[in-house]
Amino acid sequence: MIAVVPGSFDPLTMGHLDIIRRAAVMYERVVVGVGQNSTKSYLFAPPERLELAAAACSDLENVEVRGFEGLLVDFCRTVGAQAIVKGARTGTDFDNELLMARMNWALTGVETVILPAAAAWGHVSSTLVRQISLLGGDVTDYVPPQVWHRLQERAPR
Ligand code: PNS
């Protein structure tokens, strides 16, 4: 089976990477879909988010990283995925994911598997990582090295 792990990945965090790695154990092939949430404004442009996600997943043999526009269910159809895998850190995350999972199932019948975020990454989000880094804080533990370097280039000196 093929699964899609979708997200904005602005930028990819260790929490995202943990979900991708776990999905790669569960499914024959995993396609990480770097998408757009029309309600969000981004620090990194789509090609940069894709490049950073691809670098972080380069050691995972059955994982491919692709960008997508439009509906997630259409992307799933394009890549032949039967499942979407998402992570949830909190009850609020779960509630948001539940709504999208039900809608995506109603649209095309694609299933969503929601994995509980590992406790180690339960406090990590792209939003907090961006905010802390741009204000000069240390996010070394929360992002892969390539992302850390790119955030350093953006941080005020
Ligand atoms: O990491 P994010 O920002 O929560 O990722 C959200 C993303 C890109 C996966 C989500 O916004 C999405 O699926 N966008 C595609 C548009 C779509 O299919 N919308 C309907 C979802 S039910």
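Guide: This is a predicted model. In it, the charged end of Arg49 lies over the ring of Tyr42, at 3.9 Å from the ring's centre.

Visitor: And how many aromatic pairs does the structure hold?

Guide: There is one aromatic pair. Its members are Phe68 and Phe75, and the pair is stacked, with 4.8 Å from centre to centre and 15 degrees between the planes.

Visitor: Is Phe68 buried or exposed? And what about Phe75, buried or exposed?

Guide: Phe68 counts as buried because its relative accessibility is 13%, and the cut-off for buried is under 20%. Phe75 has a relative accessible area of 6%, so Phe75 is buried as well.

Visitor: Let us turn to the sheet. In what order do the strands lie?

Guide: The open sheet has five strands in the order β3-β2-β1-β4-β5, with parallel pairing. At the edges are β3 (63-67) and β5 (111-116), each of which pairs on one side only. From one strand to the next, the twist averages 30 degrees.

Visitor: How many bridges join β1 to β2?

Guide: Six bridges link β1 (residues 2-7) with β2 (residues 29-34), and the two strands run parallel. Gly7, for instance, has Val34 in β2 as its bridge partner.

Visitor: Which strands does helix α4 touch?

Guide: Helix α4 (residues 91-108) packs on the sheet and touches β4 and β5, with its direction at about 170 degrees to that of β4.

Visitor: Where does helix α1 lie?

Guide: Helix α1 (residues 14-26) lies across β1, β2, β3, β4 (83-88) and β5, and runs at about 125 degrees to β5.

Key:
Residues are numbered from 1 along each chain as its sequence is written. This is a predicted model: local features need pLDDT of at least 70, side-chain atom pairs count only at pLDDT 80 or more; totals for chains, interfaces and linings use all residues. Side-chain values use heavy atoms; hydrogens and water are left out. Two strands pair if DSSP finds at least two bridges between them. Helices (H or I, at least four residues) and strands (E, at least two) are DSSP runs, numbered from the N terminus. Axes are lines fitted to C-alpha atoms, for helices over the stretch in contact, and angles run from 0 to 180 degrees between N-to-C directions. Contact means heavy atoms within 4.5 Å. Rings of Phe, Tyr and Trp (its six-membered ring) pair if their centres lie within 6.5 Å; planes under 30 degrees apart count as stacked, over 60 as edge-to-face and the rest as tilted. Buried means under 20% relative accessible area, exposed over 50%, partly exposed in between (1.4 Å probe, protein chains only). A charge sits over a ring if NZ of Lys or CZ of Arg is within 6 Å of the ring centre and within 35 degrees of the ring normal.
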